[in-house]
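Here are my notes from going through this one, in the order I'd talk them over with you. Have the viewer open while you read.

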Amino acid sequence: MTGPARIANGLLTDPDRPVGFRFDGRSFLGQHGDTLASALLANGVRLVGRSFKYHRPRGVVTAGPEEPAALVEVVGPGGREPNRPATTLPLGEGLVAASQHRWPTLTFDLLSINGVFSRFLPAGFYYKTFMAPGWAWERLYEPLIRRAAGLGRLQPVAGAQAAPAETIHDHADVLVVGAGAAGLAAAHRLGTLGLRVILAEQDEVLGGGALQDARWDTWRAQMDARLRRLGSVRCLTRTCVVGAYEHGVFAALETLTPAETAAFGGLRERFRIIRAQRVLLTTGAIERLIAFAHNDLPGVMQAGAALSYLRRYGVAVGRRPAFFVNNDEAYEAAIALHAAGVEPIVVIDARAESRAAERARAQGLDVHGGAVVQEARGRGRVRAVRIVDRDGRSRELEADCLLVSGGHSPWTALASQSGASLRWDESIAAFTPALDAASGCVAGAARGCFGLARAAADGDAAARALAAGLGRSAVAVAVDPALALPEDAEVTPIAPLWEVRGRGPAFVDLQNDVTTDDVRLAHREGYEHVEHMKRFTTHGMATDQGRIGGLVGSAVLALARGLPVAQVGQPRPRPYLQPLPFAALAGSDVGAHFKPKRRLPLHDAHAAAGATFVAVGLWLRPLVYSTETGWGPVLKEARRVRRSAGVTDVSSLGKIDVQGPGAARFLDFVYANTISTLAVGRARYGIMLREDGMLFDDGTVARLGAEHFILTTTTANGAAALEHLEFHLQACCPELDVVLTDVGDQWAQFAVAGPRAREIVAAVVPGIDLANEAFPFMAAAAATIAGLAGRLFRISFSGELAYELAVPAGEATGAWRAVLEAGRPFEIAPYGLDALNTLRIEKGHVTGAELNGNTSADDLGFGRLLKKQGDFIGRTLSRRPGLAAPDRLQLVGVRPLDRTKRLRNGAQLVAPGAAGTGLGYVTSSTPCVLEDGWFGLALLAGGRQRIGQRLHAVAATHGEQIEVEIASPHRLDPKNTRVHS
Amino acid sequence: MLRIRCPWCGVRDEAEFRYRGDASVRRPRGDAGLAAFTDYAYVRDNPRGWHLEWWLHVGGCRRLLKVSRHTVSHAIHAVGAPDDHLPPPPDGARE
Amino acid sequence: MLTTRPIGSIAGRGSSGRYSILRLFREGLNGQRGWSHAWRKATPRPRYKVVIVGGGGHGLATAFYLAAEYGIGDVAVLERGPLGLGNVGRNTTLIRSNYFRPENVRFYDHSLRLWEQLERTLNFNAMVSQRGTLNLFHTEAQRDLFTRRANGMRLQSVDAEALDRGAVRSLLPLIDLDNGRYPVLGGFLQPRGGTVRHDAVAWGYARAASAAGADIVEHCEVTGIRQVAGRVTGVETTQGVIGADIVCLAVAGHSSRLAAMAGLRLPIETHVLQAFVTESVKPLLDVVVTYGAGHFYISQSDKGGLVFGGAIDGYNSYGQRGTLTMAEEVAAAGVTMMPGLARLRIVRQWGGVMDMTMDGSPIVSRTPVAGLIINGGWCYGGFKAIPAGGMTTAHLIAHGTPHPLAAHLDLDRFADGRTCDERGLGPFPYAH
């Protein structure tokens with residue numbers, strides 16, 4: 001037996017496939033196709049959780065994702081997941097779930113004491129207390145509050161890595177959201193007219209409201225079959241459209257079944273980004289609650305949910321139900337339960353008379369017209385309801401559940417996000433949306449068109465209109481004959497009813513424990529705008545987004561303010577319509593794949609040489625050719641360069657090829673120094689400024705022909721520099737004929753540096769006379785390098801005699817090996833980024849630490865490079881007075897007086913005795929390569945005037961303070977004899 | 001997510017483009033002086049409404065596009081080359 | 001250096017009475033019926049000494065400090081809609097003072113000290129929670145930058161601590177220190193950083209300012225700024241013309257539009273910053289943490305939801321909603337930093353519109369129009385600055401000269417070349 005309350009076969013459940021599961025440690029049996037909620041209800045379990053603030057007992061209220069109360073923790077292989085609505089949780093074999101937010105047990109929850117004191121804990125009580133003593137908030141009150149709040153526990157298994165996730169990019173002519181009568185009819189029409197349609201349905205089956213009525217089973221089945229035949233309609237079930245974005249982009253969450261999850265390696269959901277020309281919102285309507293005393297007692301449910309449990313799962317939610325309604329639609333549940341053999345059934349209808357009441361009475365139901373429910377009674381579950389009859393008499397009726405319907409509100413959240421305007425429709429006592437025709441339309445119950453046949457017809461009409469707007473008309477295409485629609489019953493209009501005042505808390509938000517008194521308190525204190533009320537009371541801010549009680553809260557506020565609900569309005573809905581797991585939104589670009597990895601052309605050669613790699617932006621670069629930490633291996637590499645020769649990979653530098661008759665003029669514009677005077681076969685150090693006069697990037701410019709230049713940029717700015725050039729070429733110099741080509745990935749480049757570099761390079765570049773006079777410092781030429789067509793530059797970043805060899809990236813390994821081979825007599829070895837840094841710091845070359853976006857050319861000592869004639873980017877604004885201020889931070893060198901002390905990058909420079917005022921800071925530092933002690937570069941206020949001064953370098957985070965002497969930044973070979981040698 | 005109709009590549013996702021700011025400010029002549037350059041580099045109309053702006057199609061043709069986009073609705077009504085004169089934006093655009 | 005002294009509590013004299021646990025108890029016995037409006041719903045008088053445009057955090061704080069610190073109560077705060085629904089009600093509630101530039105450290109730390117006494121100043125518990133803000137770093141270059149910042153803060157006696165990986169792990173049990181792409185090398189903690197319940201800040205300042213005599217006028221949209229001979233004389237509103245000696249714009253996100261009414265153009269672009277909140281869960285994260293390898297920061301609210309965000313969307317926008325592209329990037333960074341977040345569910349995504357200035361620093365300044373003052377340009381850092389922003393703006397209004405803590409935030413800095421660019425990104429707001 002799969003539960004005593006299972007009285008029939010459900011549409012979705014299979015009585016021949018029992019499923020075992022555990023809830024709060026007890027074992028139960030359900031049926032394949034159940035949700036946890038239906039299985040618990042089938043087993044007579046009413047109490048499933050405790051409420052957020054007052055820890056009141058709570059049961060299942062709805063049968064779908066709008067569930068506010070029946071939230072459970074699910075324990076799975078990945079750990080414990082909180083707050084899963086039992087109403088949408090598929091019952092897989094072996095499911096383990098537990099109630100949450102209670103201690104020690106669900107039935108005996110000590111924090112239910114909060115409920116006793118609830119009169120002292122109204123909305124926003126925390127704003128008015130816990131203020132003294134000052135220390136107590138963080139140390140006492142707040143920890144208590146945090147522990148008491150928070151619903152379920154998220155306990156991922158330790159060391160768990162991100163689960164697999166998929167992002168799917170989808171396209172459609174029309175996205176139809178919701179596959180009820182309107183959505184099915186519309187999708188069918190659109191598909192028949194040849195439009196590409198995605199029909200997204202959050203439920204596991206198509207049908208929506210049509211699932212609730214047996215008379216529609218045939219129509220549903222036929223429609224299902226027809227849609228399957230149409231190649232142009234894709235039906236996505238378990239797919240909730242969670243957000244609407246501009247330009248016809250929608251985000252949808254597709255939840256996989258447990259079987260699919262098992263088949264797809266643990267994949268739990270797909271995140272779909274759908275681009276559609278039009279959207280058709282057939283999202284249906286949501287039944288709303290009525291506020292009355294203890295309307296949160298387990299056993300108080302939505303009337304439509306009772307019908308769902310009966311139809312879908314064959315479960316009767318009670319043996320002796322009472323209904324509390326104000327509309328005809330809700331009678332369907334009462335009549336269906338009655339037909340299934342549940343009796344006696346009593347209906348309390350706020351309206352005196354109605355067509356539905358007549359029909360119900362004819363079938364033998366007991367209907368109290370003109371009556372209201374004042375209170376649900378019982379301890380821990382409904383035992384009775386107190387009603388007030390039409391003549392004002394109050395009495396109690398026995399009942400084991402109370403099924404409520406306060407009317408149906410079109411689900412407008414997605415429409416609002418799509419830019420719809422909302423209008424109050426008195427005939428249904430709810431807001432209805434209207435979309436701008438250019439984006440799509442709303443049809444069926446989603447715009448207040450209730451009744452399945454009416455909705456289907458409305459969906460069909462909307463589809464025709466959309467299709468016509470997209471250039472498809474029914475005339476041109478043979479269309480399937482329409483299916484016969486069962487007739488809608490005649491209905492008596494709803495009588496709006498939001499609250500029945502009585503004794504005891506009446507909830508408008510069951511998940512956040514917001515009562516009608518809280519709403520009135522908000523009004524009393526001036527939080528009377530609906531957004532203020534929401535924020536003050538937290539109404540509608542829980543995971544269910546207040547779907548069943550949101551409008552009720554607005555209505556209670558409206559009554560307090562003496563305004564129509566239409567004027568008070570509802571808070572603005574925001575994405576996501578259904579809570580969205582981080583994993584789904586994140587997709588697969590996580591963990592090791594968070595960003596792409598760029599490997600150098602010579603990556604494998606470096607790895608084979610024992611390199612430790614370091615992430616520099618997207619690049620992986622060799623840091624040092626050793627697994628040892630510390631300065632030892634670095635200094636060994638650097639000393640080899642200073643004494644003999646080393647080779648380092650600089651392929652990650654950006655390389656831009658610039659050609660055309662306007663190339664020289666363009667480069668004069670983008671570089672602050674003059675480029676056009678550069679002779680063919682020569683290279684020059686170049687600096688680029690931003691328009692505000694700050695240094696943007698630096699590198700070398702080599703002229704390979706009259707109209708042909710090759711630039712290098714820093715590794716960090718490779719992409720940005722190219723965009724900078726492209727932007728300025730197209731926006732500011734359209735008259736120049738210049739072609740920019742990113743050749744960064746085409747060329748591998750490495751520097752051979754050291755006093756013996758010439759001999760080594762000569763061995764691999766046989767065709768070029770490398771004598772100083774023939775190929776001087778800053779020479780550049782096309783060259784055959786180890787048999788490859790390459791380029792040779794005599795440039796240096798290390799302060800040594802050096803050459804950079806550029807070869808086609810795909811063949812770089814051969815050239816690299818040839819250099820190592822040729823250098824063997826000189827004990828050449830590769831050097832990594834750390835050694836490269838050490839060498840450049842001693843020489844006073846700047847990198848990103850100094851080119852920090854706040855330094856001008858003059859700050860770094862490049863003032864004399866700025867050309868005197870002609871416009872260039874940054875020229876005018878670099879002449880602002882602030883950039884000539886005497887206290888600008890300028891580049892200097894620093895050296896500890898005590899040679900045994902080390903410098904720290906980020907140490908602040910302070911005048912002795914002037915603690916509190918920093919004058920600047922150390923940007924880069926290194927142990928000296930060939931002598932004792934440390935040397936660093938620093939940015940120092942009025943630094944050039946302070947050369948020779950003694951300051952303190954304060955590294956508070958290291959607990960250090962040392963005395964340093966300010967020096968020239970160019971410690972090594974200030975006369976440049978080595979690079980010219 | 002914006003979808004921009006590149007005149008050379010068709011409708012493409014926002015991710016292919018790099019935003020380059022206000023296209024209604026044009027760089028002054030080199031000798032225009034400090035005030036003109038301060039305006040150019042720093043001062044913006046910053047409209048709440050139709051905005052002329054640069055997008056560089058880095059993931060496509062690498063052309064610089066001039067785009068007229070509404071800064072509330074994000075509607076795009078025209079895209080062109082840097083020197084194109086885009087048609088004037090519609091009145092009463094939805095917000 | 002300015003010292004902070006406790007501000008005399010002037011709250012509690014208004015109609016809403018004094019808040020306390022005893023009062024809460026008393027009202028509880030009486031069905032909570034004895035409470036009244038937290039702030040007076042004022043209708044505007046024809047003229048005020050000072051009109052503040054914008055009933056957000058900075059506008060309300062300015063009104064409060066004008067009355068409490070500078071004795072000027074003849075003030076109206078005009079708000080287009082209901083108060084506090086702009087950025088003060090949309091941010092991710094963080095407070096901190098870990099800045100690079102010494103003048104910023106001074107300004108924001110003064111703010112932090114005002115936060116520390118806020119509930120006593122306002123008699124309103126905005127739940128200032130100094131749980132610490134932690135910045136993770138992943139490269140040596142980042143370590144150097146943060147070290148420089150921390151050392152600079154320590155020079156000014158502001159708290160900053162360097163944490164090694166072990167210390168990071170003990171603060172963040174969910175962290176993946178060795179994610180395959182950018183391993184965490186360590187972190188820098190400012191223990192006094194933390195979070196504040198954002199809505200309560202607006203309400204608390206509104207209540208206190210109202211109690212001190214300021215008129216808070218909601219649903220009053222300014223449609224024009226009146227001037228005579230280059231001097232402001234008042235504002236035109238949907239509730240009529242209101243005269244004023246001084247008009248202060250405190251409408252970050254919309255500063256350009258209001259300034260345009262006075263014929264001014266500003267070094268500002270408006271951009272959207274989004275924020276997100278997850279479902280409520282039991283305590284999971286006891287510190288505010290910022291990822292160093294991607295756009296992501298996160299904290300947990302007292303209610304249990306995890307509040308997080310990333311970077312601005314990157315193009316001019318007044319649409320108070322988030323975009324999908326940035327949301328995906330933020331979530332990916334979150335899962336990379338803490339894989340255990342994967343199954344946590346995000347409930348809402350929203351956006352606020354920011355005044356992004358051309359150097360990333362705010363503007364608290366006089367303008368070329370005499371009597372017109374701007375408090376704006378807060379970029380995405382306006383919330384934490386509310387107390388200091390309000391205080392220094394009040395000073396500027398009362399004295400006509402900048403408060404020493406905010407002297408670097410003047411409008412002239414752009415033309416003069418004295419920009420205050422924390423991150424060196426240049427005049428490209430979309431890149432900040």
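1. Start with Gly152(C), which sits in helix α5 of chain C. This is a predicted model, so take everything here as a reading of computed coordinates. Is Gly152(C) buried or exposed? Gly152(C) has 24 C-beta neighbours inside 10 Å, and therefore counts as buried. Setting aside residues within four places in sequence, the contacts of Gly152(C) include Phe100(C), Pro102(C) and Val105(C) from chain C, along with Gln908(A) and Gly918(A) from chain A. For a sense of scale, Trp35(C) lies 117 residues away from Gly152(C) in sequence and 47 Å away in space, C-alpha to C-alpha.

2. Chain C puts 84 residues into it and chain A puts 91. On the chain C side, the elements giving two or more residues are α1 (21-29), α4 (118-122), α5 (140-155), α7 (198-211), β12 (268-280), α9 (324-337) and β16 (345-357). Which of them gives the largest share? The helix from point 1, α5(C), does, with nine residues. By class, the side of chain C that touches chain A splits into 36 nonpolar, 27 polar and 21 charged residues.

3. The two chains also share strand pairing. Strand β30 of chain A, residues 580-581, is joined to β16(C) by two bridges, and the strands run antiparallel. If you want to find the spot, look for Pro581(A), whose bridge partner in β16(C) is Arg345(C).

4. Chain B has its own contact with chain A, with 21 residues from chain B and 21 residues from chain A. From chain B, β3 (18-22), α1 (34-42) and β4 (50-56) each supply at least two residues. Of the chain B elements, α1(B) gives the most, at three residues. The chain B side of this contact has 10 nonpolar, three polar and eight charged residues.

5. A few words on chain B itself. It has one helix and six strands, and along the sequence they follow the pattern β-β-β-α-β-β-β. The C-alpha atoms of chain B fill a box of roughly 40 × 35 × 20 Å along the principal axes. Of its 95 residues, 35% count as buried. Among the contacts in chain B with a separation of 6 or more, 44% are between residues 24 or more positions apart.

6. On to the nonpolar cores. How many residues does the largest one have? It has 357, and the residues with the most contacts inside it are Leu402(A), Val53(C) and Ala209(C). Take Val53(C): beyond four places in sequence, it touches Leu78(C), Val222(C), Val235(C), Val247(C), Cys248(C), Leu249(C), Ala250(C), Val251(C) and Leu258(C). There is also a second, separate core of 116 residues, and Val650(A), Leu695(A), Phe696(A) and Phe793(A) are among its members.

7. In chain A, have a look at strand β14, residues 269-281. Of its 13 residues, 11 are buried, so β14(A) is largely enclosed by the rest of the structure. Which way does it run against its partners? With β9 of chain A (residues 166-177), β14(A) is parallel over 11 bridges, and Ile168(A) bridges to Arg272(A). With β13 of chain A (residues 249-255), the pairing is antiparallel over seven bridges, and Ala251(A) has Ile273(A) as its bridge partner. With β27 of chain A (residues 440-442), β14(A) is parallel again, over three bridges, including the one from Leu280(A) to Cys441(A).

8. Zooming out on chain A, the domain assignment divides it into domain 1 (1-159), domain 2 (166-285 + 410-476), domain 3 (290-405), domain 4 (502-582), domain 5 (656-739) and domain 6 (884-980). The C-alpha centres of domain 4 and domain 6 of chain A lie 61 Å apart.

9. Last, confidence. The model scores ipTM 0.97 and pTM 0.96. Chain C averages a pLDDT of 94, and 97% of its residues score at least 70. What about residues 1-13 of chain C? There pLDDT stays under 50, and the model has 30 contacts beyond four places in sequence for that stretch. Where pLDDT is low, predicted coordinates should not be read in detail.

Key:
Residues are numbered from 1 along each chain as its sequence is written. Chains are lettered from A and ligands numbered from 1 in the order in which they are written. This is a predicted model: local features need pLDDT of at least 70, side-chain atom pairs count only at pLDDT 80 or more; totals for chains, interfaces and linings use all residues. Two residues are in contact if their C-beta atoms, placed from the backbone, lie within 7 Å. Helices (H or I, at least four residues) and strands (E, at least two) are DSSP runs, numbered from the N terminus. Ala, Val, Leu, Ile, Met, Phe, Trp, Tyr, Cys and Pro count as nonpolar, Asp, Glu, Lys and Arg as charged, and the others, Gly among them, as polar. A nonpolar core is a set of buried Ala, Val, Leu, Ile, Met, Phe, Trp, Tyr and Cys residues joined through C-beta atoms within 7 Å. A residue is buried if 20 or more other C-beta atoms lie within 10 Å of its own, exposed if 12 or fewer, and partly exposed in between; C-beta atoms are placed from the backbone. Two strands pair if DSSP finds at least two bridges between them. Domain bounds come from an automatic or database domain assignment. pLDDT is the predictor's confidence in each residue, from 0 to 100.
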